[in-house]
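Here are my notes on this one, point by point. Have the model open while you read.

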Amino acid sequence: MREVAKEREKLTLLFLLLVFLLFFVQGEDPYLFFTWNVTYGTISPLGVPQQGILINGEFPGPNINSTTNNNIVVNVFNNLDEPLMFTWHGIQQRKNSWQDGTPGTMCPIPPGQNYTYHFQVKDQIGSYFYYPITAMHRAGGAFGGLRVNSRLLIPVPYDDPEDDYTVLIGDWYTKSHSSLKKQLDMGRSLGRPDGVLINGKNAKGDGTDQPLFTMKPGKTYKFRVCNVGLKNSLNFRIQDHTMMLVEMEGSHVVQNTYESLDVHLGQCLSALVTADKEPRDYYMIADTRFTKTLLTGLGIIRYTNANGPANPELPLPPEGLAWSLNQARSFRWNLTASAARPNPQGSYKYGAINITRTIKLVNSASKVDGKLRYAVNGVSHVDTETPLKYAQYFGVADKVFKYDTIKDDPSAEVEDKITLAPNVVNQTFRDFVEIIFENHGKSIQSWHLDGFAFFPVAIEFGRWAPEKRRNYNLMDAISRHTVQVYPGSWSAIMLTFDNAGMWNLRSAQPERAYLGQQLYLSVENVARSLRDEYMLLDQTPLCGIVKGLPKPPPYGP
């Protein structure tokens, strides 16, 4: 027993020494450690029992509360009966696409095994979320908020709120995630969701609902709202209260006040709300947008001195595309505010940079062998057993995928035929690029890009043409990672591809991404320099044809 005690004492001293070296000698940024046990569990968010996916027994999953430059370490134990992988929606993973959590950059966690994600929220602030990207696991849960607070030394352009709340809104199906996956595998669309949830719940409105949040009279609160749903854009509002918009996806914005806000799939925003009304309960409301049948999710906010239930008469949602488009155009970058760094956001003059490449992407839908598929420029992406990034790193890319199977300027016939293949676009490191999303369909699209923030410089109805650049906002478009494209319209974004790696550009609608509406942008570290990209860690599990291959030569300085 004494020998065991001595051994434990030695290990404890060794651990303390490592901590000392890590934090005081190397001077690294702080670490946050999490252990997640991912399991199945029965949930009934809409009153119908179904198989959910829980993290440490929770639905939704736990919030991650971090600060700029924190290192986040998440040890995930996969207790499901199928492979699992998490992605960190909006976290840029600077120089580190190895941890991005997409099938093109990592191997999934096999059933019964664990994997430790290790990434840094480098030079970022804002409101984000995480979710499982494998299969249709997101339709079972295991999603949660991920906030990145500003460092104390960096001023924030508003007073500290009394409290900071995460609000996860999203439409929901009562079918299990496995049933939905089978439906897609059979080539059928998922159809209309069954309801809308707010933080995994929907208030009944019968006076028995417990509040999701409380507010003290006269105090101001920060609400971080993310659309983590599966199908629809949502309109969010708080009964009888206005919201001052302050942040969108990592950018401080011009602080306008709104009665309601459209939040499209994959998008996050932060708004300040002051408890300046009669002390009682109030509804948070999330309604589907641009749908024939209105679905509504409710949640209760309670004043701490409340003396009455919420008014059952709900404020009506806005109608039409024009309202949503006009609101989107009112969102502007706060040029004088500092974000993650001390310099003002407006010091980056994106409008003065010469465009080196224009890529036009047209989404389409058709049937291949009788089954529904979605495509980008005529190619419907297919995931490979070997992650694309691994194939490239080990020098066997030619055995796994082909580069540039789509054209930058697709022909008018691109929607007539769909080809199934890995869709990888080769993109030169540090080029400044313009990407045009054209939506010829009848439903709204929402696009997300991993690894970067971009500037949505225009959203307009009709088709894009070069002369449309006259209408671009080259001054104060918001730097963000998602953009919506309305039916029969186009959206233009600009960005610098300054983050080496393999990065996923996908539909934020899981059904569309699962059935092929996505691609990867290969921003290759041609110089093989550690200055531009981290190396694959030696202990990283491998899969596919690279398993057992000798490691490539190390990167240079």
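1. Contact here means heavy atoms within 4.5 Å. Leaving out residues up to four places away in sequence, R302 touches D209, Q210, P211, F213, T214, M215, R280 and D281. Bear in mind that this is a predicted model, where local features need pLDDT of at least 70, side-chain atom pairs count only at pLDDT 80 or more, and totals for chains, interfaces and linings use all residues. Residues are numbered from 1 along each chain as its sequence is written, and side-chain values use heavy atoms, with hydrogens and water left out.

2. More on R302: you'll find it in strand β20, residues 296–303 (strands are DSSP runs of E, at least two residues, and helices runs of H or I, at least four, numbered from the N terminus). Its side chain makes a polar contact of 2.8 Å with that of D281 (a pair of N or O atoms within 3.5 Å, one able to donate a hydrogen and the other to accept it; residues adjacent in sequence count only if both atoms are side-chain atoms). K216 is 86 residues away along the chain, yet the two C-alpha atoms are 8.7 Å apart.

3. S529, by contrast, has a relative accessible area of 3%, so it is buried. S529 sits in the segment after β32 (518–523) and touches Y555, G556 and P557, again not counting residues up to four places away in sequence.

4. On to the cores. The largest nonpolar core has 45 residues, and V167, I169, F223, F236, M284 and Y472 have the most contacts inside it (a core is a set of buried Ala, Val, Leu, Ile, Met, Phe, Trp, Tyr and Cys residues joined through side-chain atoms within 4.5 Å). Apart from it there is another core, of 38 residues, including I91, Y117, Y131 and L146.

5. M284 deserves a look of its own. Beyond four places in sequence, its contacts include V167, F223 and F236, and also G297, L298, G299 and I301.

Technical notes:
Buried means under 20% relative accessible area, exposed over 50%, partly exposed in between (1.4 Å probe, protein chains only).
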